[in-house]
Amino acid sequence: MKTLNKYIFTALMVTGLSACSFLGEDPQSFVSGKNYFKNAQQCESVVNSTYTQLRAVFNETFWLMTEGTSDIIYNPSSSNINAIMDISPARCGMSESIWNNSYKMIMYANAAVEGIRTAPIDSIAKARLISEAKVMRAFWYYQLTSAFGDVPFYFDDVKDYETMERIAKLPRMSAVDTREAIINDLRESLTYDEEGKYTGPLPMKKASEIEHGRAGWAMGEMLIAKMALWNAAYDKTSGTDWHGVALEALHHIESVYGDLAQYPINDLLFRNKNTPEVIFEIQHTYDTGGLSYVSNLAAVCMPKYDSKSKLFDGVAIPELDTLAKVGTCSRPNLYFCGAIQPNAGVDKRAKINMAWDYNGTEFSSTNPKPWMGPKFWCPGMNQTEDFNNYPIFRYADAVLMMAECYMAKQDQTNFLKYLNMVKTRAGLPEYRFSKWIKAEEELRDERARELFGEFQRKYDLVRWGIWYERVMAYSDFEKLKQTVKPCHEFLPIPDKQVIYSGYSLDNNAYKEYGL
């Protein structure tokens, strides 16, 4: 037992050091096992550890799974199993990374919550750190339930072998129940008095006002809303007004973030980091000869590059360094660039999302489909080193979620208010209501336009129950359409995890398709 305890806290210590470097802090003392949680600095180091696998998950491969296997974007890589959904419990691709890293972060978050409760530190700091750990725990459970559906759920601090063995044998728990438990847990920290005044320990302010991109109050409210919308689609028995739950959290965000029109449309570029509209984003930095935290998403989202001519599909792009290395290039599909966001329209986001030309000079290979736009490009890239930040949650997403909630309640006035808030900022004419079935399609299209390429599309389609049919109807990538199956709406649990659980876990949906 002592050996296990020492091992767990050694892992926390090492990861905490990495997290502190990422967060720009200067850790002074880290100790193991029994000496942890003795001061605020040590407590914060454990909370920091819950961030350390963000970059391991949110990379170009995860992007290919959430955006490239959708109805609007594809990556024509026939050999990348994640791009063509050629995955199974035995050949699970990115799903192993999502599973392992998410549960590792949950273990660290559980340790932080329980350890800090009894730490001899200031009560205000204690409440703030516990709340931040809970937000990060919720974030990782959100990723798990969105990617896998029903998953094992626990809040236990793994202090001994008995606890570890019990948790290892946990079966899948209903994702609806998991999300409800997470929402209730977050509400213990994001508290409001009877008059609606916020009383929680996390500062009620925009994410851009928090140092180092840490999770805060707004992210907690966003997670409540996100999980409530999932439950609205999947909870068939409780009778809970999940759209009402989501709206309460979203209106809290609105009270601070205000009118969407105040946020510039150019802030959608990934290179513009920690802008006022952001609620949470993955942090990357680059320093020649120094410490770098980079990924490779831009390398699969830029026009093809000729190293001999130094041209990107026949065009010089000075903002993109000639040392850049471009991989298999992703593209918007014909459905998106032809029907949802055509180049000839007035949508200001079209030239951010897609690239038909550069400063008026047309690319050589954009007939009939453009390249991914400057939203994803990374100026000054060295090889594939992309040091843009990746937005995960933005205020425009929250606004569109409010529109979706009001659509579910058939509140036409508020539906139009929030939908048109997004459309107006983009320079589009206001939507004129006719029928709810058409309004639903317009909302789905508006989420595609606004959140294009932001790690969202597959989750949206699965939540709406239309992912497989939309991929088959609209994807331009024939190899994907030959490989993908309905069971791929949720990822497979890796076989080794099923075996380790003593077969408490299963992949029954995949068995139906012989996988």
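## Surface and overall dimensions

In this predicted model, the chain exposes about 20100 Å², of which carbon and sulfur atoms supply 50%. Buried residues account for 59% of the 515 residues.

The C-alpha atoms occupy a box of roughly 65 × 55 × 50 Å along the principal axes. The radius of gyration is 23 Å, which agrees with the value near 24 Å that a compact globule of 515 residues would have.

## Secondary structure and contact order

The chain contains 20 helices and 10 strands. Of the contacts between residues at least 6 apart in sequence, 71% join residues at least 24 apart.

## Nonpolar cores

The largest nonpolar core comprises 126 residues. Those touching the most other members are Phe139, Met219, Leu223, Leu250, Phe280, Phe393 and Phe415. When residues up to four places away in sequence are not counted, Phe139 touches Leu54, Phe58, Met219, Leu223, Phe280, Ile392 and Phe393.

## Helix α16

Eight of the eight residues of α16 are buried, so the helix is largely enclosed by the rest of the structure. The buried set consists of Arg457, Lys458, Tyr459, Asp460, Leu461, Val462, Arg463 and Trp464.

Just after α16, Gly465 adopts a positive phi of about 75°.

## Helix α17

Helix α17 spans residues 467-474, and Trp467, Arg470 and Val471 are buried in it. Viewed down the helix axis, the buried residues of α17 lie within an arc of 100°, so they line one face. An α-helix has 3.6 residues a turn, so residues three or four places apart point the same way.

The buried residues of α17 pack against α11 (334-340), α15 (436-450), α16 (457-464) and α18 (478-483).

## Thr52 in the α2–α3 loop

Thr52 lies in the loop between α2 (40-49) and α3 (54-57). Its relative accessibility is 16%; because buried means under 20%, Thr52 counts as buried. The side chain of Thr52 reaches the backbone oxygen of Ser49 at 2.9 Å.

Conventions:
Residues are numbered from 1 along each chain as its sequence is written. This is a predicted model: local features need pLDDT of at least 70, side-chain atom pairs count only at pLDDT 80 or more; totals for chains, interfaces and linings use all residues. Side-chain values use heavy atoms; hydrogens and water are left out. Helices (H or I, at least four residues) and strands (E, at least two) are DSSP runs, numbered from the N terminus. Buried means under 20% relative accessible area, exposed over 50%, partly exposed in between (1.4 Å probe, protein chains only). A polar contact is a pair of N or O atoms within 3.5 Å; within protein, one must be able to donate a hydrogen and the other to accept it, and residues adjacent in sequence count only if both atoms are side-chain atoms. The arc is that of the directions from the helix axis to the C-beta atoms. Contact means heavy atoms within 4.5 Å. The radius of gyration is taken over C-alpha atoms; the globule rule is 2.2 Å times the number of residues to the power 0.38. Accessible areas come from the Shrake-Rupley method with a 1.4 Å probe; for residues, only the protein chains shown count as cover. A nonpolar core is a set of buried Ala, Val, Leu, Ile, Met, Phe, Trp, Tyr and Cys residues joined through side-chain atoms within 4.5 Å.
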